[in-house]
Amino acid sequence: MSAQHPSDALVRAYTRGDTDLPADRLWAVEAHLEGCSGCRARLAAEAGGLPDVTALLTTVRDGLEPGLAASRPAARGARRVTAWTTPVMAPWLATIVAVTAVAVLLDRTARWSGGVSPVLLLAPALPLAGVAAAWTRGLDPAFELTAATPRAGLPLLLRRTLTVLAVLLPVHATAGLLTGVALAQWLLPSLALTAAALALGGVIGVGRATAVLGVLWSAAVLAPAVTLGSAPLLRPGGLPGWAGVLVLGVGVLLARRRAYTTSPGPR
Amino acid sequence: MTATSGVADTAPRTYAHEIHAHDLTVRVSRDRLAVDGLTLSLGVGTHGLLGPNGAGKTTLIRTLATVLRPTGGDLELFGHSVRDSGRHRELRRRIGYLPQEFGYYKRFTVREFVGYLAWLKEMPDRDIPGAVQRAVERVGLAERADDRMKSLSGGMVRRVGIAQAIVNDPAVLLLDEPTVGLDPAQRLQFRSLLKELGRESCVVVSTHLVEDVAAACTDVVLFDRGRLLFQGTPDDLAAAGTSDQPGDSPLERGYSALLSDSAQGKGSW
């Protein structure tokens, strides 16, 4: 509001309802009072000494009080988990954690016959499921409502993706420690796939993007691992390639950051 | 709860109509245009968007809500083209939208859900509890505000949908079939709420019920197969009908007359 506060005389004239106060000054005082709590305190002090005004205020207050008593706004400061996740994402995250646990069990106890640890095979692709739950029309009942709000778009998608990673990366790191899979070996593909899903999601929709990448992962990594017992793409020599995918994904994401406010439809 | 008067209220308006579509087309599949060359201006008031099922009403509303991108032509909201996606954020703060299929989170209470939408609409944190309370009271759900959504009846869920749409005091309010699931008494209350909202904002209500339009709207937009057939007052619509048209009220007869003109020899369904 304006930095210039009305003078005491002006506030007094306003409080008394002086008829000789010109309309433009009256409006200016009124507009200022709406936004300035300090001047409202001065107004209240001024009004306290005027029986007419206090009587009027009492009448108004008595009339309003029953309605105000019935109306109870929620207490402020209720924790807002929904700013970071939706109720839809929780079961998906729980499932992913469970799948990771199963992968660890397989690796440790069931005498996994293949040459590649199931943790390494699954950990990079699992965040895709979380990302899908974060922003897919078919999975989120309130998707249409959310998509029409100002917060919809890349920042909200990134926020929810961060939640997915914040939950899953520690779990996968623990799984890696338990099974002896090197950190870089799963973390880099994991981040690369997530970035690629978000980048591709801007073009064909996040749900479809995660499905496409999931299929690609199955064909290029899971299938050879199961049939041949090796995963050429996950060898240490492949790491620069994954780093490249990660950089490319982030680049595309930044370049097309405005494409996320409307749903990608048919051209 | 006071609505804070701010710069947005006092700034001079730079547009003639809240909504202005020029030759707008929206493609929904490879071979179907749901909106086909629509030119339309809507200002402050309650506008009834009337048309048979499949006329393209939902697609039009979703385009107005900036969820769908126009394929051709242009759409301006508050004088700004929606093609500039950098402005979407700013435009959407001033829009309220109730989709036809209103999805919600069952485990949320009414207050949590409306508050969540208020947060998504980027309302200032300190304004949210008051705004939520006011919106919930306006749709008559104050008593149920702390109940979970899954415990509500269909009509109540619909009213929560209306509450979330009006929580940010939108200048453009888009309601897609809002009266579905409301009982007759609720429908009457809803109509008076519509009239009240239409005094200060541009309200677009899509419906296929002629009587909703008659009771609550200041303006009728008749829409079929993606094209504008008629825009005018409910009285104008009634005047378009003759007594030999099918229908139980003057409005229904006007509706049938205008629709049969456009159908021209197509099957009766």
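Tutor: On the surface, B:Lys106, B:Arg107, B:Arg148 and B:Lys150 form a patch of positive charge. A patch joins residues with over 30% relative accessible area and no salt bridge, like charges within 9 Å and nonpolar side chains (Val, Leu, Ile, Met, Phe, Trp, Tyr) within 5 Å; a salt bridge puts a side-chain nitrogen of Lys or Arg within 4 Å of a carboxyl oxygen of Asp or Glu. This is a predicted model, in which local features need pLDDT of at least 70, side-chain atom pairs count only at pLDDT 80 or more, and totals for chains, interfaces and linings use all residues. Residues are numbered from 1 along each chain as its sequence is written, chains are lettered from A and ligands numbered from 1 in the order in which they are written, and side-chain values use heavy atoms, leaving out hydrogens and water.

B:Lys150 sits in the loop between helix 5 (128-138) and helix 6 (154-166) of chain B; helices are DSSP runs of H or I, at least four residues, and strands are runs of E, at least two. B:Lys150 is exposed, at 53% relative accessible area, where exposed means over 50%, buried under 20% and partly exposed in between, with a 1.4 Å probe and protein chains only.

From UniProt, an unreviewed entry places "domain: ABC transporter" at residues 19-250 of chain B. That span is 33% helix and 27% strand, with its end C-alpha atoms 29 Å apart. Helix 2 (residues 57-64) of chain B is mostly covered, with seven of its eight residues buried, among them B:Leu60 and B:Ile61. Just after helix 2, B:Thr66 has a positive phi of about 65°.

How values were computed: UniProt positions are given in the numbering used here, feature names are shortened, and annotations may be inferred rather than shown by experiment. Accessible areas come from the Shrake-Rupley method with a 1.4 Å probe; for residues, only the protein chains shown count as cover. Lys and Arg count as positive and Asp and Glu as negative; His and the chain ends are not counted. The place of a charge is taken as NZ of Lys, CZ of Arg, CG of Asp or CD of Glu.
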